[in-house]
Amino acid sequence: MSGKREGEPSAEPAFGDIPKPGANSSRLLSFQRTNKPLDSNEKNHHIPKTNMTTTHRPLTEQELATLTSQGCQCDDWSAVQVADGFLAERVRHATFSGEIRLGRNEGSVRCEGGVERRCGIDHAHLHNVTLGDNVRVANIGVHLANYDVGSGTTIENVGLLETRPGACFGNGVEIEPLNEGGGREVILFNRLDSQFAHLLCLHRYRTGLTDALVAMAKAEAAKVVSDRGTIGRGARLMNVKSIIDVCLGDAVIVDGAASLLDGTVLSSPDAPTLIGTDVQAENFIIAEGSKVTGGAMVSKSFVGQGCQIGRQFSSEGSVFFANCEGFHGEACSVFAGPYTVTHHKSTLLIAGYFSFYNAGSGTNQSNHLYKLGPVHEGKLERGCKTGSFSYMMWPCRVGPFSVVLGKHTRTFDTSDFPFSYIEASPEGRCMLTPGFNFTTVGTVRDGAKWPARDRRQGDVRRDRLCFDVLSPLTVGRMIRGSERMKELQEKTDRAVETVTIGGAEMKRVMLRSAQKTYRTAINLYLLEQVVARLEDAGQKGGASPAEALAVSPKAVLDEQWVDIGGQLLPKARLDALCEAVEKEGANGFDTLCRLLDEAFDHYAEDQWAWVCWAYERVHGEQLAALDQPALVKLVDDWAKTKEKFLKLVLLDAGKEFDPVVQTGFGQDGTGEDAGADFSAVRGTLEGNSFVNKVNDEIAGVAGHAEAIKKLL
Amino acid sequence: MANDVQDRVIKVVARTLKIDESRITPESRFVEDLGAESMQGVELIAAFEEEFDIDMDEQEALDVKTVGTATAFIERHLD
């Protein structure tokens, strides 16, 4: 035995180079919270490969005698070859057929509960199989056929494990997210990421791009077609009924799954993937670090990195990207962008596009009006929540960071009104209150929690994610929304109680106050960006304020920004990217990845160009033209705006401790006991960690502003 | 002026919360007595701003709990 623990993945690559962990380049900056993917060339490493390099030799007569004496059978023993270090006495009751290659097997593997079990083969029929070193294969009900199995792997109590000729392993499967009626098909392949899927699914108006993306997806899918499947190094397959046409990555754990058919489970030692009890999956790809457990049913679906699917959740025709969570409920034809979360029974997500989303219990939508079929679709832009038993009749489009409450039976589009509360009237009409969600504790906490809860581990992170709550996307929408509300306010008589905007109804008096809220949000963002620049330049030294505020010549300026599957970028940059990719056709996948990575890298520059443009539009003066006194005033304005914002957040937090929400506390006690019970359970406003953090921030704003002014 | 402001405040409250003016007194608490939800609090501020053509600080305004204190708050803005 070697010094390393048996059963663990070998340090020597048997299936190709595996990058070392810790090489990821994620970055979290206070003003640019983004998560950077690796270079596209590095993104292919966890995809199971089938080339094994160990040298094998024919069996010796002694080995053959041992094998036959231990109940092993084979019609043609010359087709069975072994590596040096192979111990025939560790192979019992095995039947071999086809080409067989067996590695060293002198070690042991560590199973559940820390039990060490000897490597070897026991009660199994192997057909056209290559086993790496120190593999344990035991109790295979039917057979293990047409597989290359990596070193240190355990396969035990598996009914059937086979690859059929021309298997695609879930690659090339065409699914219908967003529109159940079709027309937005996404083709699954191992390197699929949220940006690619977004463009393929949603940009059908760019026919050239769609053709190119389809060709790329098919080309990528074709690369994995094989008559042989792969089970990676250090994998553990236990108590599984059947696995057919499935590739399994390094360190994957498949424990108790019912049936896996036509799929790939990407996995790596630093981001192992778990497929758990009673899972049924067909036509699927599940990516690194995900957990699909608890009787989940996954059909024609892509589960991205760091996802958790379980507790009988069922998914059909859906894609889930980084860090999604699906429990109990159902997803049908869903495009679940990063951080789409649904935890409750009775929650049906159907024919919708979501990202950074949280579904309340009983959330439901309709895509079928019993006319031409299930052809309707809806979009909840990033950061939305839906309240318990909220319902939307598609088509609808909800602007970013909005909360949807009640039963909506009318179509509306609030995309220019981020941070809204969207309630339903008793008649099912949409009642819009723009900006109401901007200063809520929930929004502030969400913004902080997403980057902190990125479960993707290891070196490969495919989806390009920008976490910023305030960005050119949301702030640009608020600028547009303000202009629309101003225009409506000016032309509406004061006797009018409600106005209609984007198909939603809005109290006329709110037109003015919503503009005020948006003004605060826009200012907060713009001033914060400027102040951050000034502070950064001042701390580094050497750059004058004018230099610090200069726009990079590499930046792309576009008034309109887009959110493609969690990545924010100027529309002009996306347009250029799409044109370049269209020209390359089927060979353009690496180009697409490179250009998306470049766009990601230029986020800060592009954002700053937009800030300069927006500042001039909002304030009527150029940032570059501001002299020192004007900059000092700007810093003061920032401090005031920031303090005002934080105090409103505190006010919202205070509602969580209001006597009204203490209702029901103090069971069987007196009125005084209610307060004591509440404090014991929920704590106090003064002792709340979030509140204290905000208070500390408020206390520090003035000093921070003074420090920045000294740098000017 | 006090009575005039108070009358207008009561009218705004009645219109916004869709309740009868007779139910509203200076002592009426917006949440507990008049059933105002948090969204309606914001709506009330917007309605007061329009009625009296003033710009209220949202944080201070949301701290106002009764009709009477709302009247006093608005009177300070009008002074």
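Q: What makes the crossing of helix H6(A) and H10(A) left-handed or right-handed?
A: H6(A) passes H10(A) in a left-handed crossing. A crossing is called left-handed if the near helix is turned anticlockwise from the far one by less than a right angle, and right-handed if clockwise. This is a predicted model, in which local features need pLDDT of at least 70 and side-chain atom pairs count only at pLDDT 80 or more, while totals for chains, interfaces and linings use all residues. Residues are numbered from 1 along each chain as its sequence is written, and chains are lettered from A and ligands numbered from 1 in the order in which they are written.

Q: Why are H6(A) and H10(A) called oblique?
A: The axes of H6 (residues 509-540) and H10 (residues 603-619) of chain A come within 10 Å and cross at roughly 125 degrees. Axes are lines fitted to C-alpha atoms, for helices over the stretch in contact, and angles run from 0 to 180 degrees between N-to-C directions. Angles under 35 degrees count as roughly parallel, over 145 as roughly antiparallel, 65 to 115 as roughly perpendicular and the rest as oblique. The angle therefore makes H6(A) oblique to H10(A).

Q: Which residues make the contact between H6(A) and H10(A)?
A: H6(A) gives A:Ile522, A:Leu526 and A:Gln529, and H10(A) gives A:Trp608, A:Val611, A:Ala614, A:Tyr615 and A:Val618. Two residues are in contact if their C-beta atoms, placed from the backbone, lie within 7 Å. The residues of this contact divide into 7 nonpolar, 1 polar and no charged. Here Ala, Val, Leu, Ile, Met, Phe, Trp, Tyr, Cys and Pro count as nonpolar, Asp, Glu, Lys and Arg as charged, and the others, Gly among them, as polar.

Q: What makes H2(A) oblique to H3(A)?
A: The axes of helix H2 (residues 194-202) and helix H3 (residues 207-222) of chain A come within 9 Å and cross at roughly 130 degrees. That angle makes H2(A) oblique to H3(A). H2(A) passes H3(A) in a left-handed crossing. In the contact, A:Phe196, A:Leu199 and A:Leu200 of H2(A) meet A:Leu209, A:Thr210, A:Leu213 and A:Ala217 of H3(A). These residues divide into 6 nonpolar, 1 polar and no charged.

Q: Why are H6(A) and H2(B) called roughly perpendicular?
A: Their axes come within 8 Å and cross at roughly 105 degrees. H6(A) and H2(B) are therefore roughly perpendicular to each other. The contact is made by A:Val509, A:Met510, A:Arg512 and A:Ser513 of H6(A) with B:Val42, B:Glu43, B:Ile45, B:Ala46, B:Ala47, B:Glu49 and B:Glu50 of H2(B). Of these residues, 6 are nonpolar, 1 is polar and 4 are charged.

Q: How many residues does each chain give to the contact between chains A and B?
A: Chain B gives 13 residues and chain A gives 14 residues. On the side of chain B, the elements that give two or more residues are helix H2 (38-52) and helix H3 (58-62). The largest share of that side, 9 residues, comes from H2(B).

Q: How do you know that the peptide bond between A:Trp394 and A:Pro395 is cis?
A: Its omega is about 0 degrees. A:Pro395 is placed in the loop between S35 and strand S36 (396-398) of chain A.

Q: What is the phi of A:Asp278?
A: The phi is near 60 degrees, a positive value in a residue other than glycine. Most residues other than glycine have a negative phi, and most peptide bonds are trans. A:Asp278 lies in the loop between strand S19 (274-275) and strand S20 (280-286) of chain A.

Definitions and conventions:
Helix = DSSP H or I, 4+ residues; strand = E, 2+ residues; numbered from the N terminus.
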